[in-house]
Amino acid sequence: MNTAFFRLLFCSLFFAFSISLQGFSQKIKIEKLLIENREQPIGIDNAQPLFTWIISSENRDLRQTSYELQVSSSEKHFSSNIIWESGKVNTDQSIKVPYQGPELSSNQSYYYRVKVGTNKGNSPWSGIAAWQMGLLKESDWKAEWIIPGYEEPDGLKPSPIFRKEIQIEKQVTSATAFITAHGLYEAQLNGQRIGDAYFTPGWTSYNKRLQYQAYDITDQLKTGKNTIGAILGSGWYRGEIGWGVNKYGNGIALLMQIEVKYSDGSSQTFGTDSSWKSGTGAIQSSSIYDGETIDARKAQKGWSTADFDDQSWPNAKTADFGYTNLIATYNEPIRKQETLPAVKLITTPKGEKVLDFGQNLVGFVALDITGEKGSKITLQHAEVLDKEGNFYTTNLRAADQENTYILSGEGQEHFEPHFTWQGFRFVKIIGMEGEIHPENFTAVVLNSDMAKTGTFTTSNDNLNKLQHNIQWGQKGNFLDVPTDCPQRDERLGWTGDAQVFFRTAAYNMRVDNFFSKWMQDLAADQRADGAVPHVIPNVLGEHDAGSAGWADVSTIIPWQMYLLYGNQSILEKQYPSMKAWVDYIQNNSHHQLWNTGAHFGDWLFYRPDDDNDGRSALTDKHLIAQCFFAHSTQLLINTAKVLGKQEDVQNYTQLLEQIKAAFLQEFVTPNGRMVSSSQTAYVLALQFDMLPEDLRTQAAQRLANNIKSYDYHLTTGFLGTPYLCHVLSRFGQQDLAFTLLMQPTYPSWLYPISQGATTIWERWDGQKPDGSFQTPGMNSFNHYAYGAIGDWMYRNLAGINSSETPGETGYKSIIIRPHWNNQLLSDKVKEKVQQDLDEVNAQLQTYYGTVASHWKKENHQVTLNLTIPANTTAMVYLPTDSLETITEGGAALEKVKSIHTITQENGQVKLEIGSGNYTFIIAEKQN
């Protein structure tokens, strides 16, 4: 009797406990699954793809203690088709975990799931996610390269069209199209576009690395007759790029292979070959710089449908271009992002009809129109109006940047370009008769479709506008490669611009795959002697390489990618390139002093127009070069440590000591004065630790004095600007850094905003207060380099940082160091702008989840709301010396279990906290 009672009681308690545990663990779940940093990707050619998962939980202080991964060849019958399972792995690693199962097969789909154990309980299995492999071997390619079967004319060339009809007789379970081109392509199937990507296959160092794209076309195929095809454009491949010196090839070509799997287990391959037909259509010419001409009278209606008669079209010709340089695509494609209506229609003093879209953007204008057959409408694009209010295109140099549409006269017609883009805010309409209706014109915004990861807003309207301009500058110049500008006859992957902006870029967007791809092109185009070209892909020439601060992109970006994304594989891939660059500098130095070669220096630094008293902030180019020599060497040492290359660590550590000794001997007096007294000279020397400890404080004071001598203005160019505020903050000059940020007059970050800028300018004074322009030969109004201040805004005002300790990078260990006691030091600044910054709110999506920092001053206290994602920890630095004035969630700090350590140092309170949401109240001390 008693035995039965206790058995019943035990069972009841065990059941209740199990239900309780189940409910508890259900609060822990896998929120997102990524493979190769993407969701559900197809076309992966990495034999050991990398898994990442994001854990979600309401529990504070949650840490992963183990994981289990399962990979199956079937989604429907997952458990009975498992090909690999990791077993329980006791680790907290949740990003970039490599697949370690059997060899993966070409064009095969795989399915995976994960569950984790934590210090707060276990998660259930995640949902099932998928990926599909690409074509892994050259022998997997059965299609042949094809070129037009007709003779292309000299000069401007109509875009070729290729088509082929195929027959599908069985039930299709899956179908994948693998496509690439010499030039750009737009593929179609049964009258519909394949995919939504633009400017494919993207821009790479084509002769060494040519991307192909993979598309799931299962739902587009139908039983019976199907028509597939593509239109080609010259694009970067044979079009004019880089001032007319570039041509990867004279002809353009198509390679397309379709793999179809049927329900009976069989499969079939369709590919380009000489049986395809070739012709031309409406696109009469297409150029990245000059735009596109579309003649709707010559359109081949229905060319990608089964009813089209192609008997008059010649067969395509095959070409033996091979497959050795073909690679899968990992970076995000360029896609349409949003559309903007015209804000207003302007009649300029010259009588021109101009649409204002209110935002300097990158993309094109789509036009809906009716009119007579043969009517020609031309749209010209510009970033600004001149001081009289007229359309201004002089700064475009040789780029026409115009699209021309010739009407068919067959009712309502829609026009938009296919293989070109423009950078513009204003559009001049030429040739349109009668009343212009702005609602018929729509601006389509294009950029690489990277996830938006960062937001940054404040109580100050000018700072919000600055952040807006930074983000739009990034969007407009991240079109498959990080270009310098999107409008004039350039649009090149300038290395200096990219490296100074990288950290800011990584706050705003997830740029991991974008830059991984670009850095591989850098390694491919790097010279045999280690010199890094000025632009990547290199279309300038063999001798355009090796400039300090530009070529150092080869060391700076891989290391920063490791810090911000925990991406060790980029270090492994790029290490030979990094080492080759440092060795190149050493080989071109004399006694470890780099005083040879041509350098851009501190590009576009402050130069007054009438400089009679030496106010131009000139910095010795070899001083700059020596600083970057040291910096790249230091980053190479850091990388060698992570990769376990101890011999390199020892050798390059000795080299670094010699580099710094040579710097002191050549550029610094015994009293610590630099031979160049510019802000950039002191900034670089301090940022890269070129000075011994006992000379750094006085150097920082010299920098501060220099800034004050320019009436609290910066004078730095491309290389000094990104580090300026960071150096000031590091050496106790946070208020001076804030004053520079808030300075409203030229030269400053906020001056362009006062002139109506909606993107970052190439020059501090691209448009002067009187409305006149800087030198038109180099005066872009969408040039992101000076937007590098965004990094300081996120890291110092919001205080969001990642640890730089190996093993804790990629926001595994987070540093929160906000500043809210910012003060302006200049009375002139105080007169013109809001003195206090009362609120900053920033969020960042990391591979662990959301990091958020939101502080607000109100009622003699500061409220700081923090979000720390699961499976991470954070060190929080509060700018107060009074522990007693701080509470979290209404409780004293020592009573909060998820706060692990509490210390006071250097006038700050330092807290080590676990994951979760926190609300800190920091009250003002009462006298």
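A charge sits over a ring if NZ of Lys or CZ of Arg is within 6 Å of the ring centre and within 35 degrees of the ring normal. In this predicted model, begin by selecting arginine 615 and tyrosine 710: the arginine lies over the face of the tyrosine, at 3.8 Å from the ring centre.

Next, select arginine 113 and tryptophan 125. Here arginine 113 is placed over the ring face of tryptophan 125, at 4.4 Å from the ring centre.

The tour now turns to individual ring pairs. The model contains 56 aromatic pairs. One of them joins tyrosine 198 and phenylalanine 364, a tilted pair with 6.2 Å centre to centre and 50 degrees between the planes. Tyrosine 198 belongs to the loop between β14 (192-193) and β15 (210-216), whereas phenylalanine 364 is in strand β26 (residues 353-369); the pair thus links distant parts of the chain, 166 residues apart. Both tyrosine 198 and phenylalanine 364 are buried.

Finally, select phenylalanine 718 and tyrosine 786. Their ring centres are 5.1 Å apart and their planes stand at 80 degrees; because planes over 60 degrees apart count as edge-to-face, the pair is edge-to-face. This pair also links distant parts of the chain, 68 residues apart: phenylalanine 718 is in the loop between α11 (693-709) and α12 (721-730), and tyrosine 786 in the loop between α14 (751-754) and α15 (789-798). Phenylalanine 718 is buried, at 3% relative accessible area, and tyrosine 786 is buried at 2%.

Definitions and conventions:
Residues are numbered from 1 along each chain as its sequence is written. This is a predicted model: local features need pLDDT of at least 70, side-chain atom pairs count only at pLDDT 80 or more; totals for chains, interfaces and linings use all residues. Side-chain values use heavy atoms; hydrogens and water are left out. Rings of Phe, Tyr and Trp (its six-membered ring) pair if their centres lie within 6.5 Å; planes under 30 degrees apart count as stacked, over 60 as edge-to-face and the rest as tilted. Helices (H or I, at least four residues) and strands (E, at least two) are DSSP runs, numbered from the N terminus. Buried means under 20% relative accessible area, exposed over 50%, partly exposed in between (1.4 Å probe, protein chains only).
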